[in-house]
Amino acid sequence: MLEKLRQFLEGSRFGPAEVKAAEKITPHMVRVTLQSEVAREFSPDCAGAHLKLVVPAKDQNPSAFEAFVEAGQYRPEMRTYTIRHARPDQGEIDIDIVTHGDLGRVGPWAQRTKAGDALVISRCGSPKLITSGAKRILAAADMTGFPALAAGLETLGDNVAIDAFVEILSDHDKQPIKLPSGQSVHWIVKTDPYAPSTDLIDAIKGAATPDASTSVFVAGEFTAVAELRHYFQNELKVDKTMRYISSYWKAGLDENGHKQAKAAAA
């Protein structure tokens, strides 16, 4: 199957991948390890970068998925995810996927996928956390933004201070992160992902005001991100070279609807 997918995708920025393992690492997060020749082309420091996934729908058997890709029908079904860990020398990447029962396309797939399953991935972008010249990180993320944040935090030296606030759905969704000595992440439990992110926003606004050497990172739900974008961009006027602020989803919308909402707000 992988060879057929490779032929269908030849000349594009996409290629086939195979699931090597899938593990539920927290109650609402599944880590899927993928193997792909495409991943061998990735930079060794690509953890924290985004890429596109195209996974079979629940009703697509392998033959139907092949036909779906061959017909070029996959582009509207692309979903954006973050590389949590990368091992390009082995052609492997880990993708951490938030799950909400039967909601979405990729979350339900992550809960049912198994070793040997095929999918399609794209080439990757670049890591999102700005580390160059930063002496402090001020960050806000929900579980969708956490993989990009965590991957970036794990690259920091001991001379960088971290004020990172992460919104999770339960105490059991806390994850270990390899941070510089003496640094930690502040976890904020919000059991309803669709409720306002009041505690997360208050925590960020209550933190020390960023200076010129502070890297700002915000990733999560559209409404919360919009408020923090206004705070950092319009009120505090943090230089654009020191901020990454992006919504990863919007309550009530699929990815295409979210893209339209982002475009309208730009």
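This is a predicted model: local features need pLDDT of at least 70, side-chain atom pairs count only at pLDDT 80 or more; totals for chains, interfaces and linings use all residues.

Six strands close into a barrel, and their order is E1-E2-E5-E4-E3-E6 with antiparallel pairing. Within this sheet, neighbouring strands are turned against each other by 45° on average, when direction is ignored. One of the pairings joins strand E2, residues 29-35, to strand E5, residues 92-98, through seven bridges, the two strands running antiparallel; here Val30 stands opposite Ile97 in E5. Helix H1 packs on the sheet, where it touches strand E1 (14-26) and strand E6 (118-122), and the direction of H1 makes about 125° with that of E1.

Helix H1 also packs with helix H2, at an angle of about 15° and with the axes 9 Å apart. Because angles under 35 degrees count as roughly parallel, H1 and H2 are therefore described as roughly parallel to each other. The crossing in which H1 passes H2 is left-handed. The residues of the two helices that meet are set out in the table.

| Helix | Residue range | Residues in the contact |
|---|---|---|
| H1 | residues 2-9 | Lys4, Leu5, Phe8 and Leu9 |
| H2 | residues 62-70 | Phe65, Glu66, Val69 and Glu70 |

Sorted by class, the contact of H1 with H2 comprises five nonpolar and three charged residues, with no polar ones.

Notes:
Residues are numbered from 1 along each chain as its sequence is written. Side-chain values use heavy atoms; hydrogens and water are left out. Axes are lines fitted to C-alpha atoms, for helices over the stretch in contact, and angles run from 0 to 180 degrees between N-to-C directions. Helices (H or I, at least four residues) and strands (E, at least two) are DSSP runs, numbered from the N terminus. Angles under 35 degrees count as roughly parallel, over 145 as roughly antiparallel, 65 to 115 as roughly perpendicular and the rest as oblique. A crossing is left-handed if the near helix is turned anticlockwise from the far one by less than a right angle, and right-handed if clockwise. Contact means heavy atoms within 4.5 Å. Ala, Val, Leu, Ile, Met, Phe, Trp, Tyr, Cys and Pro count as nonpolar, Asp, Glu, Lys and Arg as charged, and the others, Gly among them, as polar. Two strands pair if DSSP finds at least two bridges between them.
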